[in-house]
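Grab a viewer and work through these exercises with the model open next to you. Each one sets a task and then walks through a solution.

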Amino acid sequence: MDQQTLAANGFTAAPAWSLLLGQIGVWCVLGAVVLFVMAALASGLGRLKLGRWSFAIGCMGLLGAMAALATLFLKDRFEYEYIGEHSWHNLAPWYKFAAVWAGQQGSFLLWACTSAVFGLLAIWKSGPLQRWFTVVYSLFLGSLAGILAYETPFRLIPDGLINGIHWVPPDGSGLNPSLQNYWVVIHPPTIFTGFGSLTVLFAFAVSAMIGGDARAWAARVRPWALVSLAILGLGLVMGGLWAYETLGWGGFWAWDPVENVSFVPWIFCAAFIHGLIVQTTRGRWHGTNFLLGGLPFLAFVYGTFLTRSGFLSKFSVHSFAEMNRSALMILMISGGAFLAGFFVLWATRGRALAEQVDVPIKNEGFNREKAYESGVILLTGLATAIAIGMSVPFFIGLGGGNGKVVEEPLYHSVVVWFFVPIMLLMGAGPFLAWRRMSAREFWNRLTNVLAITLGLVGILMFALKLSDWGLHSHALDPIAMPFGFKVPRVPWTLFLAAITCFTAVANLWRLVELFRRSKTGVGGFLAHMGVAVALGGLILSRGLEQKAQVLVSQVSPGAGLGYAISYDGLTSNPLTDRENKALFTVIDGKREFTARPGFYYVDGQDGPQGFTWPHIQHWPSHDVYLALSPPVTSLWDKPVQFRVGETKATQVGDGTSPLDIVAVTYLGFTRHGAPGKAGTTFGAKLKIVEGGREYTVEPQFGVSTGAVPVPATPNYNAAMMGMNAADKSVTIDLLLVHPIFPIEIFYKPMVILVWIGTGILTFGGLLSAFYRRNRRVPPEAQPATVSHVEEVEDALVPTA
Amino acid sequence: MLKQRGLAKGAVLTAIVCVLAIGGVIYAFLTNSSPYVTVAQAKTSNSERMHLAGDIVKETVHQDLSSRTLVFDVKDNTGQVTVVYSGTPPQNMGEATKVVAVGGMKDGQFVSDQLLVKCPSKYESEKKS
């Protein structure tokens, strides 16, 4: 295209400042690579101050690149390929900002930036570990910056440079409507902040091993580990709520690779924190903790490779872009080096260090340390199992196989083997002492909790009997378990719920028991209780879930799961308004509510495309979840072509009666006005038979007005969509007078527990971090000597 | 000496248990995961849960409201088969060109109760190479 054509099509020349800002972004990234290499070299050679400052300026470079990209997004600079693909001029400012991380390049930049922020915070607190901490952290951020140098969001559109002018397309293609939701503004930054914080744990573990510090690093890393666990956990929960509230399939968690990639590091992180408790109170597990400190980060790097490399694109609903070859090489080489280097270092140095300081076991038999040990093994096993699950498609694909996919029920049947013992330990653990306990003593402590649990489960079963929870149809639906046996659904769901109930009650009991004596354990008990309550909610709402499909139109209300649903119209016109809601009245005999699912059209490649948001009605005992699909608006899937005299019959209803046929006959072509003159219209004479009655209509097609639908029969309007003057054939559409909305309605009991549990968990986590902050050991102080801790009967209750 | 042997025994036992557990998990995942198949493979398989991936043949898409099914042909380089999907169509079905149908063959048709739609819409523009 020449310049005139470009200008006529709305293309403009890119302003100098925009090109300059993009260049600055590119140089920020390249400068960061150089600075991180310098920081690693300087620190490795012992020039700590130089290393520290190059590191800090390198981090600023990454943040600068982020600021440049965000500015370009907010200013609609569509000459950049990445911005053109993810934004358009009419997007609300906060979505333009959120679009920064809507694609692959931007999410790598976000990861680099959150990592950099944590690096900046932690490097000043790294004390004697600073030398190798800086080296490790710089190598990682340098690799990320290297990836960004190839996988850059600052690439100008190809072929945009003509005669020395960068041409800017008039508009971008916009942000995917399913991402235009407030969750996309808060969820990705939160979860990436969690991912970024994992680098701190890894860098501490490596630098402690190199620096020969098996003991003191525990106190240093512990607050960071708690922060990681809390933020990552918050991000995970947000992801689940996002899925539930917007995606319309009625669930929180689908075991998709992308979800697993964030879940596995979280479990490793939880195992690490429990390992640290044993190390600081018992003087043991130094070697294990080196390993556990590195695993969350390594698991995430591995997961990033799996999901971002494009290898999994065949096996997931998420669309993954293929990564730039050079960037992928950097990711694979540096990731592989980190992984191999870490394990070699651990095997050769970490374990030897640990053996020097590990205190031998004093108490034999089953005690609290054994409980922690079993818990950490189970958590590690759970994380490993999920990691294997998400790797299966990849490894089969590598082996040249056609690929297989691991589905939700399969994950459930594997995960449950870890879930049940972990929950039991979480409940029973707090009742164990560090010293050896007799079985009878332990049993005596637990009796009350077991009694309360049994009582609560009894009430739950009674409630099940009274209400209509889960008892309609699928009560004894078998659920497949590994090794070929099956269990009925409702008893199985109740069993799992009973176990979470036990864990929640046990932690609450212990909390009340110890509250007077010490408040430091409160955070932990609350967090465990929150996890149990939230999982109980997930189990009950999924296990006893019911769903039905209903068709509703203005004239024919639908019914499903005992709910009568009628359509009341739309809140706004035109239908392209994102705030438009479809209104439905839902009655279940006693109660009535108005459901307001979102529904609007956007322009797609093949004409308008409908988008919907589900409606969720919350009650204390259950949620009613309505997932709306875009309405069916015409009799046929697309307009149908007729030759003169042709008849086409379409079956409606179940086809048992001859009245269930709609037949259309094209009788002839008409013209009003002289051919070629403005205002001329054409018509098609149609005979339509519906419900045994005959109707004759003549829909018109105007050169200037286009198709004008006319009422034809009680249920249909007829429209002439096009014609072929040569053979006088026409294209006809029969539009429904009352569009039919397909609705999927879900009944999900006890979803409220998910919210309550999340609240308790967050509160407990914050409380934990607060108490840790108060009790933080000064950097120079060694942890309490082990002989002192030996005297403490219960580590959660320090002697006053 | 005795103490050390006890430790070694414990370590060996732990290692065996770990290997067994990991082996069990891998076995469970591998044997129970549902395979991705081509059209030709689907036609000859009697599995009830396969993932059939292919291109939607646009002209064949037909939604039958009375039986609440969506009927369309899927084709790949090994052949073409009719998919009968019961349930609500996925949101972006209209724009989709590729689909993954989960289900099994029944009377020469691929009967599916789950559709995964890949949507190379204008929002996720395919990389032009």
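**Exercise 1: two helices**

Which residues in helix 8 of chain A meet which residues in helix 12 of chain A?

Before you start, two ground rules. This is a predicted model, where local features need pLDDT of at least 70 and side-chain atom pairs count only at pLDDT 80 or more, while totals for chains, interfaces and linings use all residues. Residues are numbered from 1 along each chain as its sequence is written, chains are lettered from A and ligands numbered from 1 in the order in which they are written, and side-chain values use heavy atoms, leaving out hydrogens and water.

Step 1. Find the elements: helices (H or I, at least four residues) and strands (E, at least two) are DSSP runs, numbered from the N terminus. Helix 8 covers residues 182–211 of chain A and helix 12 covers residues 325–357 of chain A.

Step 2. List the contacts, meaning heavy atoms within 4.5 Å. From helix 8 of chain A come Phe202(A), Ala205(A), Val206(A), Ala208(A), Met209(A), Ile210(A) and Gly211(A). They meet Phe338(A), Phe342(A), Leu345(A), Trp346(A), Arg349(A), Gly350(A) and Leu353(A) in helix 12 of chain A.

Step 3. Sort them by class, with Ala, Val, Leu, Ile, Met, Phe, Trp, Tyr, Cys and Pro as nonpolar, Asp, Glu, Lys and Arg as charged, and the others, Gly among them, as polar. You get 11 nonpolar, 2 polar and 1 charged residues.

Step 4. Work out the geometry. Axes are lines fitted to C-alpha atoms, for helices over the stretch in contact, and angles run from 0 to 180 degrees between N-to-C directions. The axes of helix 8 and helix 12 of chain A come within 9 Å and cross at roughly 45°. Angles under 35 degrees count as roughly parallel, over 145 as roughly antiparallel, 65 to 115 as roughly perpendicular and the rest as oblique, and these two helices are therefore oblique to each other.

**Exercise 2: a sheet in chain A**

Describe the sheet with the strand order 8-9-10-11 in chain A.

Step 1. The sheet is open, has 4 strands and pairs them antiparallel; strands pair if DSSP finds at least two bridges between them.

Step 2. Check the edges: strand 8 (558–560) and strand 11 (592–595) of chain A each have a single partner strand, so one side of each is left without a neighbour in the sheet.

Step 3. From one strand to the next, the twist averages 30°.

Step 4. Zoom in on strand 8 of chain A, joined by 3 bridges to strand 9 (residues 563–570) of chain A. There, Gly558(A) has Ile565(A) as its bridge partner.

**Exercise 3: Thr69(B) and its surroundings**

Is Thr69(B) buried or exposed, and what does it touch?

Step 1. Thr69(B) sits in strand 3 of chain B, which spans residues 69–76.

Step 2. Buried means under 20% relative accessible area, exposed over 50%, partly exposed in between (1.4 Å probe, protein chains only). Thr69(B) has 13%, so it is buried.

Step 3. Leaving out residues up to four places away in sequence, Thr69(B) touches His62(B), Gln63(B), Asp64(B), Val84(B), Tyr85(B) and Ser86(B).

Step 4. Strands 3 and 4 of chain B run antiparallel with 8 bridges, and a hairpin through 2 residues joins them.
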